[in-house]
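Biologist: I am new to this structure and would like to learn how to read it. Please show it first, then take me through it.

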Number of protein chains: 2
Amino acid sequence: MARPQFDRDEVLDKAIELYWQHGYSASSMQQVVNTTGLKPGSIYLAFGSKEGLFREALERYAQKSLAKIRESLEAAPSVGEGICALLETNIQESTRQDYCSCFLVKTRLELAAEGNELHKVASAKLDEIEALFQRYLDNEYGKSVSRQRAVSLMLHIFGMRVYGYRRDSADYIRQGLREGLPWLPWE
Amino acid sequence: MARPQFDRDEVLDKAIELYWQHGYSASSMQQVVNTTGLKPGSIYLAFGSKEGLFREALERYAQKSLAKIRESLEAAPSVGEGICALLETNIQESTRQDYCSCFLVKTRLELAAEGNELHKVASAKLDEIEALFQRYLDNEYGKSVSRQRAVSLMLHIFGMRVYGYRRDSADYIRQGLREGLPWLPWE
DNA sequence: CGCGAGCTTGAATGACTATTCAACAAGAGG
DNA sequence: CCTCTTGTTGAATAGTCATTCAAGCTCGCG
């Protein structure tokens, strides 16, 4: 049985789940082997190393996230409404019992020491997200206002990703967001 | 040479630095031995385990943080001004080259999986901080307003702790905070 | 049908992990 | 001066870590 050729994206999705939940250091290659079903040799041939696999998983996660944001902003009648919808989705996520914040945020914090490459990847992707928000806000506000509001929005999103671990925090978060982002079309 | 009796707080401060920077999983007991100067046996007699040492370090960090907040709020002419001073201090921290967010926040994110005890400790301490802010805000605003603003404030603090890794973000953060916390007495 | 390229396999590797413990040292109390 | 308590020491333990590689399988091509 030597030619089953695994589905790369499927494997990456399982890696995302594992790494996202436990972080980089606390995820062993043994766990990767168990959750993906691949043997060590196959993983190393396909991804090079633990770091290589993590990097690809992180990039896939980021790409999915960016796509979801773009979609929501594009689908809504206005940018503000698109943002509100995204925020509400994030709040909903935080009510899940196995809530684990945002893969990019967790990676940014975990691997910050000494110019770690994965930290840089996560940071770059988060910057891309901010830039995306700003580009859409540009259509509705002046350049300097939209930049300021994009930062404010990111601060709130990051904040939620930490605050969300609190039990039954959904309503608190909703109130806090209304307080700090009054320029959004809340309903 | 068998009775030097190390200084517990000094050791804890070194442990804080190590764990804060690298996180729980990525800090080995070998590193703890190196940075504290203690031998394995002494560490285990004094703190029981890697987790025990981490817990005490985390609690010491939290106690120091709470004290600093209380101090600042007490010293300022008004609660708002005390909060502004604290936020500005946080911004300053983020400009350091070896910035590493907040030990409590990092721990909350790293060790969230499966009811980890250290995650609970970190979360409890962060809740204490929020409660402290709220208690002080109660003196100036109505009960429901102060609760809402305490949440909003925590969202911004958490947000900064993630955003702060961005290079030269200080001015962005300052602008973002003004945007989201307009009820503070900015100058 | 047979060859070889390409992928899989899983046991083996050596380094590193947290933790233990028997031997030992030095002060306090008698 | 002896002993007991308290704390130190660091080599040893058993396990886990990321990674490798020789051997084997299967498919596509000639």
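Modeller: Chain A can be laid on chain B by a turn of 180° and a shift of 0.0 Å along the axis, with an RMSD of 0.0 Å. Copies are superposed by least squares on the C-alpha atoms of residues with pLDDT of at least 70 in both. The two copies are thus related as by a two-fold rotation axis. This is a predicted model: local features need pLDDT of at least 70, side-chain atom pairs count only at pLDDT 80 or more, and totals for chains, interfaces and linings use all residues. Residues are numbered from 1 along each chain as its sequence is written, while chains are lettered from A and ligands numbered from 1 in the order in which they are written.

Biologist: How many residues of chain A are in contact with chain B?

Modeller: Two residues are in contact if their C-beta atoms, placed from the backbone, lie within 7 Å. By that rule, 36 residues of chain A are in contact with 36 residues of chain B. The largest share of the chain A side, 12 residues, comes from H8(A). That side divides into 16 nonpolar, 13 polar and seven charged residues. Here Ala, Val, Leu, Ile, Met, Phe, Trp, Tyr, Cys and Pro count as nonpolar, Asp, Glu, Lys and Arg as charged, and the others, Gly among them, as polar. Since 100% of the interface residues of chain A are also interface residues in chain B, the copies meet through the same surface.

Biologist: At what angle do H8(A) and H8(B) pack?

Modeller: Two packed helices are described by the angle between their axes and the distance between the axes. H8(A) and H8(B), residues 143–163, pack at an angle of about 100°, with their axes 7 Å apart. H8(A) and H8(B) are therefore roughly perpendicular to each other, a term for angles of 65 to 115 degrees. The residues of this contact divide into 12 nonpolar, four polar and no charged.

Biologist: Which residues does Phe158(A) touch?

Modeller: Not counting residues up to four places away in sequence, Phe158(A) touches Val105(A), Phe158(B), Gly159(B), Val162(B) and Tyr163(B).

Biologist: Is helix H6 of chain B mostly covered or exposed?

Modeller: A residue is buried if 20 or more other C-beta atoms lie within 10 Å of its own, with C-beta atoms placed from the backbone. H6(B), residues 103–110, is mostly covered, with seven of its eight residues buried. Among them are Phe103(B), Lys106(B) and Arg108(B). The buried residues of H6(B) pack against H6 and H8 of chain A, together with H1, H4 and H7 of chain B.

Conventions: Helix = DSSP H or I, 4+ residues; strand = E, 2+ residues; numbered from the N terminus. Buried ≥ 20, exposed ≤ 12 C-beta atoms within 10 Å, placed from the backbone. Axes fitted to C-alpha atoms, helices over the stretch in contact; angles between N-to-C directions. Parallel < 35°, antiparallel > 145°, perpendicular 65-115°, else oblique.
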